[in-house]
Amino acid sequence: MIKPRRRSRSSGVLALGAILIVIVTAGLAILYHTVLQGLWEQDGTRIKSFEERYPEFFHGEPQPPLQHRYAETTLCTHMSVDRFERLYEHARRWPGPIAVSVYVKTVADMHKYEEVFKNVTYLHGGVNHTIVYSIGDDYYPINEMRNAAWQLVQTEMILLLDVDLIPDEGLYGFIARNYEKFQPRLHSHAFVVPAFDVKATLEPPRNYQELMQMKGDGNVKPVLYDEETGEYHPSHRCFKYENWYTETKEIDMKYRWPCEPYIFGGTESMPRYDERFTSYGNNKVVHIFHLAVLGFQLKVIPRHFITHVSHSVDPTFNWHKNGDEDEKNRMASSVAILTKQFEYELMTNLGINYRTGKKFKKGSYISGKGTKLEWNGEMWVDRKTGKPTLPYDIDTLSN
């Protein structure tokens, strides 16, 4: 978080502040009337406003807060303030608890946040929310956002979704009915929910039957699947959807790098996200890798799914979309370096040689630089100082 600098309270500054307040207020009024009152035009056709489409949100009766049982699953997500409509779709289809973090960059964002969550109990009594506040043009802190929402979760299981991924209407009930099957495996398994892309003009399918009908009509396809080449995006090649369409039982997913399915599992047993990863690039891939290194098995659930709803991409949130080739190259290099560093730190801390995948035996080691170390089965210790350390010259270690 970047804190704003203090400034002296001169009359000139106060006057300027008053002018800015008037400008911001006017801007918000325009935003309200254009966005909420439905003055949208697309190809000459008026689009219904958010209030017209979902009147119960603005005019319904407040819902009492849900009593969250520990033996339940929280849908955990994150968003910028322009994605609230997606959160509403989550709440319509997920009757259980929801945890969401909201990214706020400007005063206008803060006003929008306050406006939205002042009314949120009309929609769903179980939405816990927090903000991640930043000033400036930083890229979207995606893993910090995920962890901020995760921190709000009070249930035993958690479903990890980006806000543009909408669950089918029966997913919550399926997990609840099968709680006794999932609960004993939470320390060793993560459960994969298949994801699909739907054409932008269509509503996401509500259930398996609608999904299959839309697939037959050519309106739905596996997420990031190229229909022309018949190839999946590299991060989604660890699962073949063809086996899922007719299966009624769990399917094993064999891990391979890179792999980033959407999962639910144990709130406390799964590791948090690495917050050094921001915006685009391996932010979720390394999380699934972390699970794999810890020995978690991935199981794909049958007949339930999530649907990705397409959206425009803000280039200030995603460097790979901003058109600046120098910036793309710089960020791509940074992501590659950080990914290698993450892999090294994770595996070394677990006593695994990140190059060979073999575990270190307990005992004393000497690095190529002459540093005396010990792996005690839980951590590396500098034998001279007795303090925890990491052997950065791991290739030269010897007993």
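Glu89 and Arg92 lie three residues apart in helix α4 (residues 84-93), so about one helical turn separates them. Helices (H or I, at least four residues) and strands (E, at least two) are DSSP runs, numbered from the N terminus. The side chains of Glu89 and Arg92 form a salt bridge with an N to O distance of 2.9 Å; a salt bridge is a side-chain nitrogen of Lys or Arg within 4 Å of a carboxyl oxygen of Asp or Glu. Glu89 counts as buried, at 8% relative accessibility, and Arg92 counts as partly exposed, at 43%. Buried means under 20% relative accessible area, exposed over 50%, and partly exposed in between (1.4 Å probe, protein chains only).

The model is predicted: local features need pLDDT of at least 70, side-chain atom pairs count only at pLDDT 80 or more, and totals for chains, interfaces and linings use all residues. Residues are numbered from 1 along each chain as its sequence is written, and side-chain values use heavy atoms, with hydrogens and water left out.

## Other salt bridges

The whole structure contains 13 salt bridges. In one of them, Glu250 meets Arg185, with the closest N and O atoms 2.9 Å apart. Glu250 belongs to the loop between β12 (231-232) and β13 (251-253), and Arg185 to the loop between α8 (179-182) and β8 (189-193), so the pair ties together parts that are 65 residues apart in sequence. Glu250 is partly exposed, with a relative accessible area of 31%.

Glu260 forms a salt bridge with Lys284, where the closest N and O atoms are 3.9 Å apart. This pair links distant parts of the chain, 24 residues apart: Glu260 is in the loop between β13 and β14, and Lys284 is in the loop between β14 and α10. Both Glu260 and Lys284 are buried.

## A four-stranded open sheet

Four strands form an open sheet of mixed pairing, in the order β7-β16-β9-β10. Strands β7 (165-167) and β10 (220-222) stand at the edges with a single partner strand each, so one side of each is left without a neighbour in the sheet. The twist averages 35° from one strand to the next; axes are lines fitted to C-alpha atoms, for helices over the stretch in contact, and angles run from 0 to 180 degrees between N-to-C directions.

Two strands pair if DSSP finds at least two bridges between them. Strand β9 (residues 195-198) pairs with β10 in the antiparallel sense over three bridges. Val220 in β10 is the bridge partner of Val198.

## Cavities

The structure holds three cavities of 30 Å³ or more. On a 1 Å grid over the protein atoms alone, a cavity is a set of points where a 1.4 Å probe fits but cannot get out, and lining residues have an atom within 4 Å of a point. Grid points are joined across faces, edges and corners, and a volume is the space filled by probe spheres set on the points.

The largest cavity has a volume of about 100 Å³. Its lining comprises 14 residues, of which Arg146, Leu160, Leu161, Asp162 and Tyr273 lie nearest its centre. The largest share of this lining, three residues, comes from β3. The second largest cavity has a volume of about 80 Å³, and its lining residues include His236, Cys238, Phe239 and Met253.

Terms used:
On a 1 Å grid over the protein atoms alone, a cavity is a set of points where a 1.4 Å probe fits but cannot get out, and a pocket is an open set with protein on both sides within 12 Å along at least five of seven lines; lining residues have an atom within 4 Å of a point.
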